[in-house]
Amino acid sequence: SKSLTADSYEIQVKVSYTQEITGRQALTVYMTESGMNDYQMFPTEIKLYDFEHVFRTSVSPFSGMEILPDLTTKEAGRVFIQNFVLNIDRSDPKQASWVDGNMSIVAFVHNLDASDKRVFQVQEAPLK
């Protein structure tokens, strides 16, 4: 990712096909945050707990963005690059406490078929 402004980031995802794939596939990109310290209820007490990999938002459409919908077969060597922009809105109470230095990009390629949602590849990278 690349910082555009203090709270705006360009995220570039590159998908490289290493083998021929037939059928519809999608790219889904989520944001997570780790290192969050808050109270957690345990069976006998309430104590501070470190939360990791908390879902924050979907940068792509939630169920994915179809990859090259006009191609039913993606041949080995095919490369697909998609750019997204993440804007953190500090005026939104839900986003005001996000720590962008603790956030990660989670991108995954998966089938886009009602009977087959198999995930082919996942990559996690820091936002900053």
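The structure is a predicted model, in which local features need pLDDT of at least 70 and side-chain atom pairs count only at pLDDT 80 or more, while totals for chains, interfaces and linings use all residues. Residues are numbered from 1 along each chain as its sequence is written, and side-chain values use heavy atoms, with hydrogens and water left out.

**Aromatic rings**

- The whole structure contains six aromatic pairs; rings of Phe, Tyr and Trp (its six-membered ring) pair if their centres lie within 6.5 Å, and planes under 30 degrees apart count as stacked, over 60 as edge-to-face and the rest as tilted.
- Tyr30 and Phe108 form an edge-to-face pair, with 5.5 Å from centre to centre and 75° between the planes.
- Tyr30 belongs to strand 4 (residues 25-33) and Phe108 to strand 11 (residues 103-111), so their pair ties together parts that are 78 residues apart in sequence.
- Strands (E, at least two residues) are DSSP runs, numbered from the N terminus.
- Tyr30 counts as buried at 17% relative accessibility, and Phe108 counts as buried at 17%; buried means under 20% relative accessible area, exposed over 50%, and partly exposed in between (1.4 Å probe, protein chains only).
- Ring pairs join Tyr30, Phe55, Phe62 and Phe108 into a cluster.
- Lys47 lies over the face of Phe42, 4.7 Å from the ring centre; a charge sits over a ring if NZ of Lys or CZ of Arg is within 6 Å of the ring centre and within 35 degrees of the ring normal.

**Nonpolar core**

- The largest nonpolar core has 22 residues, of which Ile11 and Leu27 touch the most other members.
- Such a core is a set of buried Ala, Val, Leu, Ile, Met, Phe, Trp, Tyr and Cys residues joined through side-chain atoms within 4.5 Å.
- In soluble globular proteins, nonpolar side chains tend to be buried together.

- Asn111 is in strand 11 and, at 8% relative accessibility, counts as buried.
- The side chain of Asn111 makes a polar contact with that of Asp116 (2.8 Å); a polar contact is a pair of N or O atoms within 3.5 Å, where, within protein, one must be able to donate a hydrogen and the other to accept it, and residues adjacent in sequence count only if both atoms are side-chain atoms.
- Ser91, in the loop between strand 10 and strand 11, is exposed with a relative accessible area of 64%.
- The side chain of Ser91 makes a polar contact with the side chain of Asp89 (2.5 Å).

Technical notes. Helices (H or I, at least four residues) and strands (E, at least two) are DSSP runs, numbered from the N terminus.
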